[in-house]
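Keep the structure in view while reading.

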Amino acid sequence: MKFIEEQLKKVGQLFEKGKPLEKLYPLYEALDTFLLTPGKTAPKAPFVRDAADLKRVMSFVVLALVPATLFGIYNTGYQIELAKGLAHSFWGAMAAGAWKVIPIIVVSYAAGGLWEVLFAVTRKHEINEGFLVTGILFALTLPPTIPLWQVAVGISFGVVFGKEIFGGTGMNVFNPALVARAFLFFAYPAQISGSTAWVAVDGYTRATPLAVAAAAPKGTSVVQALADAGYNFNNMFYGFIPGSIGETSALACLVGLAFLLVTRVASWRVVVSCVLGLLAMSGIFYFLKGTDRLAFFALPPYWHLVMGGFAFGAVFMATDPVSAAATNTGRWIYGFLIGVLTVLIRVVNPAYPEGTMLAILFMNAFAPLIDYFVVENHIKRRVRVKS
Amino acid sequence: MNTNSTRYTFVFAIIVCVVSGVLLSVFSEGLRPQKELNEELDVKRNILKAVVLKEPVAPKTKAADVLKVYDSKIEEVVIDDKGNVVEGKKPKQLTGKDTNLFPLYLYKEGGQVVAYAFPVVGQGLWSTLYGYLAVEADATTIRGITFYKHGETPGLGGEIEKEWFQNNFKGKTIYSLKDHKLTPTIVVKGKAADVVSKDELSYHVDGITAATLTGKGVTDLMDRWVRVYDAYLSKLRKI
Amino acid sequence: MGEALLSSKNQKILKDGFWDTNPITFQILGICSALAVTTQLKTALVMSLGLTFVTAGSNVVISLIRNFIPSQIRIIVQLTVVSALVISIDQILRAYMFDVSKQLSVFVGLIITNCIVMGRLEAFAMGNPPWKSFLDGLANGAGYSAVLIIIGIIREIFGSGTLLGYHVIPASVYAQGYVNNGMMVLAPGAFFLLGIIVWIQRSISGYKES
């Protein structure tokens, strides 16, 4: 440890004012504080109330994403084996998956990192460690077939328009990874939706569970339609299904969630209220089901939890401390509405099979307003009690 | 001069109204023939496109040429819901009240009917789709389809205006001579060859990736209008 | 009037309208049409010409009769003049540029309610002589046009791969896996571009939020 410290100090002198590498100071600073405890305290939100600083928090999130990432790599390979009819082997699947997934992650970090450094250098602020999270989050929300140039374009948009435009980490209204994904979703819809995108084998088509459920004709059983397509609650929970890289396994997300809750990085209120909102809305639909209604209505509410990107979104996206509501009451409202909107978009809107991304972005926009009313209300109550 | 008196204000307002009124009437009336010609031309271009006369409808074609081709080759008739031609009526005279009268365009080459074209309208995902469908002289085979107006998502549902999609319809049949039943074209999800059997390929076309609902709109529209015009077309088939 | 046609004062009128107080990037007016008609360069060009003509023309007309307009009904009079000009343009387009007028649809008509036009009439033409008013209308129209044309070019190239209808992105690029950007064809695409242009223009011209 001592050795690293000394070496860094030595190198660091090169980056000081007036030295040749002065302009690249942010780069040095990022490395230095990533390895060692930073010498400064955080000047603006998100604040954390213990010894950890923002960088530590973000590292925790990256750690929490490890199970989802590893599983995503394995599953990408596993789906390729299934589609090609190859014999299954664990390491074979890992290798095939890594061949597809690693380049996506690398491009996401490289292209996004470039913008991050560019802004840090011109604006003379430090490199935002939030990017470590954004880069991997974004990669995990993409289908394994995504063209790499689109990954680069998407993350560039996410970093610049999702974050830097608002002034950098802590000032952004929306989750940058979701902004990046939404951009790709609207700009290049053919590569990120439909039934050809989810398995990395050319010409192979398989619809995701949500697409199958949405397409089930009136009067038929949606559970049966899913079973016919090879989907049941168990394989959707474990995640052995086609989908975006990191989102298929609800189990991997739960492991990540446990870690985030133990380290107190994520707000349990947001996650719990997301789930409640989802169950409430899908419960209403379930109650209304009938032969003249969409078959999707009759899906058992708890199935929604393991389908599509909900688990991933609720655990890793909705809980983003910067773009979520910041008051406790606000968090309940914010999460609950994310759940409600997710189901509404999934079931009723025919154009979008998945609603998690849009629901979270939408509620990101409302989070400050929710907080405002919560605080106002609180002040009013205090005043009333006083008088 | 007191420009704020009531009298002055009235006089001024009247002068402004009269001047601009006269100006606009002159413009509107003077340009009327040209405007009507344009609207007509637009309809005629699309009909010609549907009956697949490639050359004369390229966007740069002169208006006069389009009209010349149209007038020499297209005969306009109106049919009723029994499939009989209504004498003395032209498609132009149809109004919203004529719910059981339909325009039909006969494409003739040297006095022989080569194709029949008729308008198709229906609901897509976001918007109403407008187009023309043309059927060969055998009243069974599709000669061409065109969509000229819609508000679907560009790149997804909007692909219906592209040639690759419209070309898929060519050669499909709207009537099965084997089973003696109508077979309006169905837009499938994915590739038609993967989804339906070989026999059914004659009335199924490839869908558009990630635009299932626009495809469904096209299917519904085909079903509706093929049935309407079958009243007329069925009389032409040699069975 | 001994003033030269392009005296330094008049040059300032031109520069203000085009750059310093650009109607779109500085005053944030005319956004609706800037989003709606810029999917193709052609429609953007026609809209630009239309608006420039209306702004300059109505500025001159109003300036000529500015001393005779009763102040109680001045807004109505301005509106009448603008409407008359706009409807004439719409009629001409329908007669001679039918395709373009179909694409522009209601937006030509909406020039009537375009805040830039009314804004210039109230702010400038009501208090200045015809030549100056003409220059002011021209400059503001050009400022609006510049932004529209930039957005139109970018949106058409990236959204459809064409420019003025001609293919500019070679087929070999598509063969490599490139696809047109669907966002550019939708209104949000224009919104982001507009944001970037405002950002760039304001950082160059040194705009400060007051």
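The sections below take these topics in turn.

## Basis

This is a predicted model, in which local features need pLDDT of at least 70, side-chain atom pairs count only at pLDDT 80 or more, and totals for chains, interfaces and linings use all residues. Residues are numbered from 1 along each chain as its sequence is written, chains are lettered from A and ligands numbered from 1 in the order in which they are written, and side-chain values use heavy atoms, without hydrogens and water.

## Helix H14 of chain A

H14(A) covers residues 268–288, 21 residues in total. Helices are DSSP runs (H or I, at least four residues), numbered from the N terminus. From first to last C-alpha, H14(A) reaches 30 Å, close to the expected 30 Å; the expected span is 1.5 Å times one less than the number of residues.

Buried residues of H14(A) include Val270(A), Cys274(A), Leu278(A) and Phe285(A). The buried residues pack against helices H13, H15, H16 and H17 of chain A. Val272(A) is also in H14(A), but counts as partly exposed because its relative accessibility is 34% (buried is under 20%, exposed over 50%, partly exposed in between, with a 1.4 Å probe and protein chains only).

## Nonpolar patch

Val272(A) belongs to a nonpolar surface patch of about 640 Å², with Trp268(A) and Phe336(A) among the other members. H14 and H17 of chain A each give two or more residues, and H17(A) gives the most, with four.

## Chains B and C

The contact (heavy atoms within 4.5 Å) takes 22 residues from chain C and 19 from chain B.

Notes: Patches are made of residues with over 30% relative accessible area and no salt bridge: like charges are joined within 9 Å, nonpolar side chains (Val, Leu, Ile, Met, Phe, Trp, Tyr) within 5 Å. Accessible areas come from the Shrake-Rupley method with a 1.4 Å probe; for residues, only the protein chains shown count as cover. A salt bridge is a side-chain nitrogen of Lys or Arg within 4 Å of a carboxyl oxygen of Asp or Glu.
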